[in-house]
Amino acid sequence: MNEPYRMNIMQDEPAAPAAAPAPQPAVAGVLERLVALLIDAGLIFFIYQVFLLVLLRFTSPDLQQLYWWIAGVNVPFILYETLFTSGGRNTLGRALVGVRAVRLADGGTLNLAQAFVRTMGYYVSAALLMCGFLLAFIDSQHRALQDYLAGSVVLQARQKSWGEKALLSLTGLVLLLAFGGYFYKQLFGAGSLVQQRMITRAQEHVKKIGYLEEMHRVQFGRYTNDLLRLSILSGDPVQFQRDTQAVLDRKDFRIGVSATGYKIKARAKDVRKTPVYYPSL
């Protein structure tokens, strides 16, 4: 005869299996972040440009006012980035790309102060010749300078298909090359501030040579086309020769003298080899 089944009410119930830990969001890629930033910046700059065009239609600002108006685009960008990066909100660019900026320590949302510091980090990075942004390429979590300043990290906000990832990477690469080319042209290309500075330095140095010509005439009663004699009159011939070599193309340097005057012709060391003269033509 079978023994009746007896339940031991003192026996503990079997423990439920432990729930698997939720997967941690992956770190956003550099190219994804670039696409998101350019979408956000483009949105603000486009709206502000439309505003300026309307404003210019009804007003006639002087050059200084126009510079201030153009610089004013930074104010709405700072407000937009600060507001929509804090309090669990997200910017349009990062939402479309599917990434989110959070606190590095615990993955929580950034407060207004942290979001403001992070936004200003964009300008610090830009002031360092974009080196702050390049930091994201070598950091294991793709954190740029603005992330270090604010204690943030950019994570994936949703799963992406292989095609979407490839499209974002390709778009980011194209934008990165385009932005790099534009930045290089503005910094080193013809007409850039650096090139203009090189032309200005060449003009100032040729003018200095002109002053030395006048000193030579006062001391010796005549002008000279001997640059070495002029360098001695400068008081520091070694530094004078260095300055001449740094700002002027010596292959096309000429000093023409006569009994009553002189003419200095040279070319600056900018990309266009711009001619400089003294006295000016």
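Student: In β4, which residue is the bridge partner of Val 257?

Tutor: In this predicted model, strand β3 (residues 254-257) pairs with β4 in the antiparallel sense over 4 bridges, and a hairpin of 4 residues joins β3 to β4. Within that pairing, the β4 bridge partner of Val 257 is Tyr 262.

Student: Which residues make up the covered face of strand β4?

Tutor: Strand β4 spans residues 262-267, and its uncovered face carries Lys 263, Lys 265 and Arg 267. The covered face consists of Tyr 262, Ile 264 and Ala 266.

Student: In β5, which residue is the bridge partner of Ile 264?

Tutor: β4 also pairs with strand β5 (residues 275-278), in the antiparallel sense and over 4 bridges. In β5, the residue bridged to Ile 264 is Tyr 278.

Student: How many aromatic pairs does the structure hold, and are the planes of Tyr 80 and Phe 84 stacked or tilted?

Tutor: The structure holds 7 aromatic pairs. Among them, Tyr 80 and Phe 84 have their ring centres 5.2 Å apart with 45° between the planes. These two residues are 4 apart in helix α3 (residues 74-85), so about one helical turn separates them.

Conventions. Residues are numbered from 1 along each chain as its sequence is written. This is a predicted model: local features need pLDDT of at least 70, side-chain atom pairs count only at pLDDT 80 or more; totals for chains, interfaces and linings use all residues. Side-chain values use heavy atoms; hydrogens and water are left out. Buried means under 20% relative accessible area, exposed over 50%, partly exposed in between (1.4 Å probe, protein chains only). Two strands pair if DSSP finds at least two bridges between them. Rings of Phe, Tyr and Trp (its six-membered ring) pair if their centres lie within 6.5 Å; planes under 30 degrees apart count as stacked, over 60 as edge-to-face and the rest as tilted.
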